[in-house]
Amino acid sequence: MAFLTDKQGNLSFVRVSILVAVIGAVFLGGSLLTFVVDQQSRRAPFFIDLPPGAQQWGLPVTSSQRPGWQQVFYRVAGADPASIAAFYQQKMVAHYGAAPGQSSENCTRLPDATRQFTSDPADTANIYDASYEPGVDMPYLWRCLFDRGGLGATQWTQVTIHPGLRNADPALNTEGSVVIIYEQRWQAQ
């Protein structure tokens, strides 16, 4: 503390001011560096951990007209779509920092169990018609959105989960599997 005092032993206003300015400059520089590093981390796709047994299916789909966008396909053999959705719901709770069961962000099933695309039961325009056979599952999917954007930066991954479909082409046949699609968007520049 001797460097803060003058020859008479009193606090030197000039020396204290210089110390405060140096501490402020270090704090400001550290804040600026943290901001730049954070912005740079949003210039790549945001990947969420995959469920056990998931394997990439094909190459990522990109577009020269849409920089900072891609789709990546995965499939999980012998899995149940609801259990895969539950896995991503746990990831969503951890990502958004909510207590289990109290997350404001949830994976959504479309259509829901009542065959509606909306949560408004009065909206009958979005109810499937009754032409589906009773007991036969109708097409559905799960969607989970993981957003990591902030301060003018975009970075999110939308996870779409759906049961596999039978296809005559063996390369496209996903029957007995669950298909997971990551649609990703990030800051390109």
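Visitor: Let's start with strand 7. Is it buried or exposed?

Guide: Mostly buried: eight of the ten residues in strand 7 (residues 177–186) are buried, so the rest of the structure largely encloses it. Keep in mind that this is a predicted model.

Visitor: Which way do strand 3 and strand 7 run, parallel or antiparallel?

Guide: Antiparallel, with nine bridges joining strand 3 (residues 69–77) to strand 7. Tyr74, for instance, has Ile180 of strand 7 as its bridge partner.

Visitor: And how many bridges join strand 6 to strand 7?

Guide: Nine, and strand 6 (residues 155–163) runs antiparallel to strand 7. Ile161 has Ile180 as its bridge partner there.

Visitor: What about Thr160, where is that found?

Guide: Thr160 is in strand 6. Its relative accessibility is 9%, so it counts as buried. Thr160 and Ile180 sit 20 residues apart in sequence, with their C-alpha atoms 5.6 Å apart in space.

Visitor: Which residues is Thr160 in contact with?

Guide: Leaving out neighbours within four places in sequence, Thr160 is in contact with Leu141, Trp142, Arg143, Val179, Ile180 and Ile181. With Arg143 there is a polar contact of 3.3 Å between the side chains.

Visitor: Back to strand 7. Is Gln184 buried or exposed?

Guide: Gln184, which lies in strand 7, counts as buried because its relative accessibility is 0%.

Visitor: So what does the side chain of Gln184 make a polar contact with?

Guide: One partner is the side chain of Gln70, at 2.7 Å. A polar atom of the Gln184 side chain also lies 3.0 Å from the backbone oxygen of Phe46. Beyond four places in sequence, the residues that Gln184 touches include Pro45, Phe47, Trp69, Val72 and Trp156.

Visitor: Changing topic: what span should helix 2 have, and how far apart are its ends?

Guide: At 1.5 Å a residue, the 16 residues of helix 2 (residues 81–96) should span 22 Å, and the end C-alpha atoms are 22 Å apart, so the two agree. Gly97 follows helix 2, with a positive phi near 75°.

Visitor: Which residues of helix 2 are buried, and what do they pack against?

Guide: The buried ones are Pro81, Ile84, Ala85, Phe87, Tyr88, Gln89, Met92 and Val93. They pack against strand 3, strand 5 (141–147), strand 6 and strand 7.

Visitor: Which residues touch the most other members in the largest nonpolar core?

Guide: That core has 21 residues, and the ones touching the most other members are Tyr88, Cys144, Phe146, Val159, Ile161, Ile180 and Tyr182. Strand 3, helix 2, strand 5, strand 6 and strand 7 each supply at least two residues of this core. Helix 2 gives the largest share, five residues.

Visitor: What does Phe146 touch?

Guide: Not counting residues up to four places away in sequence, Phe146 touches Phe46, Ile48, Tyr88, Lys91, Met92, His95, Tyr96, Gln155, Trp156, Thr157 and Val159.

Visitor: How many disulfides does a search of the whole structure find?

Guide: One. This disulfide joins Cys107 to Cys144, with S to S at 2.0 Å. The link of Cys107 and Cys144 is right-handed, with 115° about the S-S bond.

Visitor: Which parts does the pair tie together?

Guide: Cys107 lies in the loop between helix 2 and strand 4 (108–110) and Cys144 in strand 5, so the pair ties together parts that are 37 residues apart in sequence. Cys107 and Cys144 are both buried.

Key
Residues numbered from 1 in each chain as written. Predicted model: local features only at pLDDT ≥ 70, side-chain atom pairs only at ≥ 80, totals over all residues. Heavy atoms only, no water. Buried < 20%, exposed > 50% of the residue type's maximum accessible area, 1.4 Å probe, protein only. Helix = DSSP H or I, 4+ residues; strand = E, 2+ residues; numbered from the N terminus. Pairing = 2+ DSSP bridges. Expected span 1.5 Å × (residues − 1). Contact = heavy atoms within 4.5 Å. Core = buried A, V, L, I, M, F, W, Y, C linked by side-chain atoms within 4.5 Å. Disulfide = S-S within 2.5 Å. Polar contact = N/O pair within 3.5 Å; in protein donor to acceptor, adjacent residues only side chain to side chain.
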